[in-house]
Amino acid sequence: MNLQRLDKIISSQTGISRKEARADIRRGLVSADGNTVKDCSAQFDAEKSQISYKGQALNYKKFIYIIMNKPKGVLSASNDRTRKTVVDLVPEDLKRNGLFPAGRLDRDTTGLLIITDDGDFAHRIISPKKHIYKTYMAELDGEVTDEMKRVFANGVVLADGTVCRPAELTAYNGNCATVKICEGKYHQIKRMFGTVGLGVNSLKRTAVGKLRLDEDLLPGQSRELTDRELKLIFKN
Ligand code: URA
């Protein structure tokens, strides 16, 4: 039995504040197992009771896992006073309190971003010790050489002396390359290429583990991850 206060359940599942949840409960907008409940402190097991809000059954989930195709110009953060964040882009039906991006992409980087309210899950993705490789596609201002691949494979030493873990660099036609890294230092890919004299014109994350960006998602769009996709994240 996992009993929680009704206002907490409503707030966590809908994204409205606890204060708003309490007001709506008192207004009679919440029912549990078919009965209107106006007591905000009433306790329920949300997985066992059928709770409805504004006439809609809550599909209770302890945590939510969202895949987004991050567009350019949006901040990888939960909120910001002036700038638009990735959490602002999450559609209303997936919004909940406590959402955050599991790993940051620079404002001008696009592609696969995972947004969740599950801190342990995010840690498993982000921590370099967990060895989850993230794949980036870079458009560069020059060509990748075999020597650069060796430098990346041996662990790039950044300009400030920071040593990176080994990375896999693959060159494509033109000035395109993919890089696989299992850590997320500040501006890491751009700084890694900087050490070998290449500038990054554009950067897109295309995979996390074996989970690839769903190219049907337009920039800025998101949806819930399936159970199968969640498992792919933790495969390399
Ligand atoms: N490396 C970068 O330089 N930028 C990102 O957004 C991600 C990795």
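Modeller: A salt bridge is a side-chain nitrogen of Lys or Arg within 4 Å of a carboxyl oxygen of Asp or Glu. Keep in mind that we are looking at a predicted model.

Biologist: Thanks! How many salt bridges does the structure hold?

Modeller: There are 19 salt bridges. In one of them, Asp24 meets Arg27, with the closest N and O atoms 2.8 Å apart. Arg5, Asp7, Arg18 and Arg22 are joined in a network of such bridges.

Biologist: Is Asp24 buried or exposed?

Modeller: Asp24 has a relative accessible area of 7%, so the residue is buried.

Biologist: Which parts does the salt bridge of Arg165 and Glu183 tie together?

Modeller: The N to O distance in that bridge is 4.0 Å. Arg165 belongs to the loop between α4 and β11, and Glu183 to the loop between β12 and α5, so the bridge ties together parts 18 residues apart in sequence.

Biologist: Now the rings, please. How do I read an aromatic pair?

Modeller: Two aromatic rings are described by the distance of their centres and the angle of their planes. This structure has three aromatic pairs. For Phe152 and Phe193, the centres are 5.1 Å apart and the planes are at 45 degrees, so the pair is tilted. Phe152 sits in helix α4 and Phe193 in helix α5, 41 residues apart. Both Phe152 and Phe193 are buried.

Biologist: And what sits over the ring of Phe234?

Modeller: The charged end of Arg124 does, 4.0 Å from the ring centre. Phe234 also forms one aromatic cluster with Tyr65 and Phe121.

Conventions: Residues are numbered from 1 along each chain as its sequence is written. This is a predicted model: local features need pLDDT of at least 70, side-chain atom pairs count only at pLDDT 80 or more; totals for chains, interfaces and linings use all residues. Side-chain values use heavy atoms; hydrogens and water are left out. Rings of Phe, Tyr and Trp (its six-membered ring) pair if their centres lie within 6.5 Å; planes under 30 degrees apart count as stacked, over 60 as edge-to-face and the rest as tilted. Helices (H or I, at least four residues) and strands (E, at least two) are DSSP runs, numbered from the N terminus. Buried means under 20% relative accessible area, exposed over 50%, partly exposed in between (1.4 Å probe, protein chains only). A charge sits over a ring if NZ of Lys or CZ of Arg is within 6 Å of the ring centre and within 35 degrees of the ring normal.
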